[in-house]
Amino acid sequence: MPGLKRKDILGLREMTVEEIDLILNTAEALKDLATRPVKKVPTLRGKAIVTLFYENSTRTAKSFELAAKYLGADVIHVSAATSSVQKGETLKDTARNLEAMGVDAVVVRHSMGGAPHLLARSLRASVINAGDGIHEHPTQGLLDMLTIRQKKGGFKGLKVAIVGDSYHSRVARSNIYGLTKYGAEVWLAGPSTLLAQGFEEYGVRTTTRVEEALEGADVVNVLRLQLERQEKGLFPTVAEYHRFWGVTAERLRLAKPDVLLMHPGPMNRGVEIATAVADGPQSVITEQVTNGVAVRMALLYLLLGGGEAA
Amino acid sequence: MSVLLIRGGRLLDPARGLDRVGDLLVEGSRIRAIGTDLPAPDGARVVDATGKVVAPGFIDIHVHLRVPGQEYKEDMRTGTAAAVRGGFVGVVCMPNTRPVVDSAPLVSHLLDLASREGLCRVWPAGAITKGLRGEELAEIGEMWAAGACAITDDGRPVDRAETMRQAMIYARQFDLLVMDHCEDRSLSGSGCMHEGRVSSQLGLKGMVAAAEEVHVARDILLALETGARVHVQHVSSRRSVELVRWGKALGARVTAEATPHHFTLTDQAVADMDYSTSTKMNPPVREEADRQAILEGLADGTIDVIATDHAPHHVDEKDVEYPLAAFGITGLETAVGLALDRLVRPGVISLEQLILLMSTRPAQLINRTPPALAEGAEADITVLDLGRTWTVRAEEMASKSKNSPFIGWTLTGAPYATIVGGRLRMLEMKVIAE
């Protein structure tokens, strides 16, 4: 099996099936590490990683941090609130300064699409996209895929319904780019003002009727509703949203009995997802979180360890 | 008195029905003689134009010289050097400077500066409203008297329809062209590229084409209402072209320009160039159907002129996240090459049409005598080399700024010489400043 022949992880769109297979296989092999009594291995000892976050995040930042630490790397977190950004420093300057201190990889989250690409072009260090605006969130896409693969054995022919605000969702985009490479049938469902358009060439189907997307689905991925969208007039009220597009136990019965219920978190219970569903038997939401650490370990290992699949 | 003999070129001036191989003798600022085998007078500089096309001088009616106030992006010398290097004998400079050109002294200042430092003719456009704020009319009459050739709030639209209506009524009495950057800003919002498939896939906020079209339609209706001459700047969408065609059919005095980037690129460039901010401009490049409509509009005369919207920016304003980057790209030094390579060579338009689009009609729109290949006319001449294949290189550009998506492109067809008022200002794409 070939190694990962790229410096950066910017998105799933430009990745090949072989690369994604390698990452998922590596994650599978590394996954048990997180449940061992003694978690730390020395694989990346001496490597320095920075998580450079221009947007608030708890889950993703901590997941990367733990992944790095389990592999023995040193990791520091830089958030926009405490960095030189407030002094007017540009993204490139900030990253170059970190590189000048000897950082091997920069994990970046940014509110603007393409920001990691700008960094990747100007740094020798590896750049991992931890979410860029409404563009991609490749590690979330990979952890979703790992979760699906574990439960379903693969992706081909699966009906995957992505429900909610796909327009503003980098999770939806990374899911689309990753899953359609393997022949999954991806549906987007949500209010017409929040539906991502322009993915016809990937075979993606869109509907404003959530029932149509849920019908016979193998996987339901419920997106977080960003409540500030309401102020911009993209949907009228939370109650109306829940009535038409909320994933309830009743609606979920339209899906296959063994449907996987996923959510990238954090959840708005009672809005995009009913509590009975979130905590129900089909929910794999906490397994997604576990897999997130595994996928991030795999990426750090493959980019910085230079290794083949473990 | 300087003497220049342009020898052996194809003399092509479609407005005068001239198309013959011959010599053209320039004495001082004027064309003295047109003939065959004209002898070179003593001390004459001879330009061998064998195999080249000698045309009336090209004019770009949409240029940001950035003077006064933003000389770190461009200045009078570098901007006009870029113009003559690109084959232009004259430019209309936009008033969105610091301060805004919204009063007569600033127009006079620009004309004075151009006469001292400029390498080509410079015709300032004045603002429509004071400070480009879209509220009160600027001193349109005073600016006209000082030499302003048109009015525009370019860089931003005139938001309020009533303000635009009053501006049209007022400008009409001076027969001034009202040029508009058509954009409904409630629709374009914080978008940074064309709203469509590519923006969605790249996760960038888009600007819908309707943001432009709504204002194009408004301006045409107001032109019909007021009888004013209205010019749609940098038309970018299929429906905008259709609206202009419709407006002309209704009898509105509406004209339109298209830029080389809008007839060459689509929004796919943003993806292909991996978020390069050299693809960011307003209005944005749109879809293939839009580009095709612009080509049709150029071919059938719906679009009256080619203009560049030359918008130089410092590298610091471009080497940032895509949504944060300044809008605009340079255009003066690539326009003729792109027009020859993308329009004339594939037969979208004829060479004669190109000359009308880049010389005759631009001059007419701003009420200036069109350059002409005629004895006694001002010697404003552009010589074209249709056969030259060349590569666009940043380090060869005369502009102070290098924010062009065409750097590295290879084009066939280039400007060969630029003569401004009888002075040879460019030869073989090298600027002659003395």
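Predicted model: local features only at pLDDT ≥ 70, side-chain atom pairs only at ≥ 80, totals over all residues.
Which helix of chain B does B:Ser199 lie in?

B:Ser199 lies in helix H6 of chain B, which covers residues 197–202. Is this serine buried or exposed? B:Ser199 counts as buried, because its relative accessibility is 2% and the cut-off for buried is under 20%.

Now its surroundings. Leaving out residues up to four places away in sequence, B:Ser199 touches B:Met193, B:His194, B:Leu204 and B:Gly206. There is also a polar atom of the B:Ser199 side chain to look at: the backbone nitrogen of B:Gly196 lies 2.9 Å from that atom.

Next, the sheet. In general, the strands of a sheet pair through backbone hydrogen bonds, and the pairing is either parallel or antiparallel. Here, in chain B, 3 strands form an open sheet with parallel pairing, in the order S6-S7-S8. Strand S6, residues 58–63, and strand S8, residues 121–124, are the edge strands of chain B, each pairing on one side only. From one strand to the next, the twist averages 20°.

Take one pair from that sheet. S6(B) pairs with strand S7 of chain B, residues 88–93, in the parallel sense over 4 bridges.

Methods: Residues numbered from 1 in each chain as written. Chains lettered and ligands numbered in written order. Heavy atoms only, no water. Pairing = 2+ DSSP bridges. Helix = DSSP H or I, 4+ residues; strand = E, 2+ residues; numbered from the N terminus. Axes fitted to C-alpha atoms, helices over the stretch in contact; angles between N-to-C directions. Buried < 20%, exposed > 50% of the residue type's maximum accessible area, 1.4 Å probe, protein only. Polar contact = N/O pair within 3.5 Å; in protein donor to acceptor, adjacent residues only side chain to side chain. Contact = heavy atoms within 4.5 Å.
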